[in-house]
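Please find below my notes on the model under discussion.

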Amino acid sequence: MDFKVEKLKVNYKTLEEFKRFKEYGLQELSMLEDLEANIIDNDSESPFYGIYFGDTLVARMSLYKVDAKFNHYFEPPHDFLELWKLEVLPDYQGKGYGTALVDYAKGKNLPIRTNARMRSKEFWEKMGFTSVQYDMARDRGENPLFWFPETI
Ligand SMILES: CC(C)(COP(=O)(O)OP(=O)(O)OC[C@H]1O[C@@H](n2cnc3c(N)ncnc32)[C@H](O)[C@@H]1OP(=O)(O)O)[C@@H](O)C(=O)NCCC(=O)NCCS
């Protein structure tokens, strides 16, 4: 099935929809505060992408481009995307929404880093992500996984 992935705008409706996701936290709260304090405008760009089912946001992820100079993972350094907060609402899991969001990120043709939570490692392996050598000073309890496009 084809899902439409949309870049999400920061507005009260989006921020209200975010509350239904388990990983609602400081990032969302600070976006809400910035909106309320007029630090950002209504409908500003956010780092979030999502998929709607009808009017309901059912899947989302945050995607952020990291400059090569902050890349401590592979040589030669290269820009990469950091993917986090990938989550599909419980009633919609297992229907391809997670794959659609990851495929969208892959379409940007940059390496992608994610930090796999304990129970999602199998999902990431299915998506073609692999672990990098664990480095205690760099990773400090994180479990970074990477995906590389063929052209890099
Ligand atoms: C993990 C998650 C993002 C996957 O999205 P999804 O839309 O449910 O997954 P898809 O339907 O695209 O499934 C793709 C494949 O991964 C498998 N899969 C999905 N979730 C899995 C999980 N938690 N563990 C193992 N395999 C999983 C599916 O069975 C499917 O396999 P198949 O292609 O062989 O049938 C989603 O289930 C979710 O939000 N779970 C709760 C939060 C979470 O664990 N997030 C982790 C990501 S940081």
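**Notes on the predicted model**

1. The helix H4 contributes four residues to the shell around the ligand, the largest share. Please bear in mind throughout that this is a predicted model. H4 covers residues 121–126, and at least two shell residues also come from each of strand E4 (80–88) and helix H3 (97–106).

2. The shell around the ligand comprises 18 residues, and the closest of them are Val 88, Gly 94, Gly 96, Gly 98 and Thr 99. By class, the shell residues divide into six nonpolar, six polar and six charged.

3. For Gly 94, a polar backbone atom is 2.7 Å from a ligand oxygen atom.

4. As to its location, the ligand sits in the largest pocket.

5. The domain assignment comes from a record. UniProt, in an unreviewed entry, lists residues 8–150 under "domain: N-acetyltransferase". In the model, this span is 27% helix and 30% strand, and its end C-alpha atoms are 28 Å apart.

6. Where is the cis peptide bond that involves Pro 76? The bond joins Glu 75 to Pro 76, with omega at about -15 degrees. Pro 76 itself is placed in the loop that runs between strand E3 (56–66) and E4. Strand E4, in turn, supplies at least two residues of the ligand shell.

7. A further backbone point concerns Asn 109. This residue is not a glycine, yet its phi is positive, at about 60 degrees. Asn 109 is found in the loop between H3 and strand E5 (112–115). Helix H3 likewise provides at least two residues of the shell around the ligand.

Technical notes. Residues numbered from 1 in each chain as written. Predicted model: local features only at pLDDT ≥ 70, side-chain atom pairs only at ≥ 80, totals over all residues. Heavy atoms only, no water. Near = heavy atom within 4 Å. Polar contact = N/O pair within 3.5 Å; in protein donor to acceptor, adjacent residues only side chain to side chain. 1 Å grid on protein atoms, 1.4 Å probe; cavity = no way out; pocket = protein on both sides within 12 Å on 5 of 7 lines; lining within 4 Å. Sits in = over half its atoms within 2 Å of the grid points. Nonpolar A, V, L, I, M, F, W, Y, C, P; charged D, E, K, R; others polar. UniProt positions renumbered as here; feature names shortened; annotations may be inferred.
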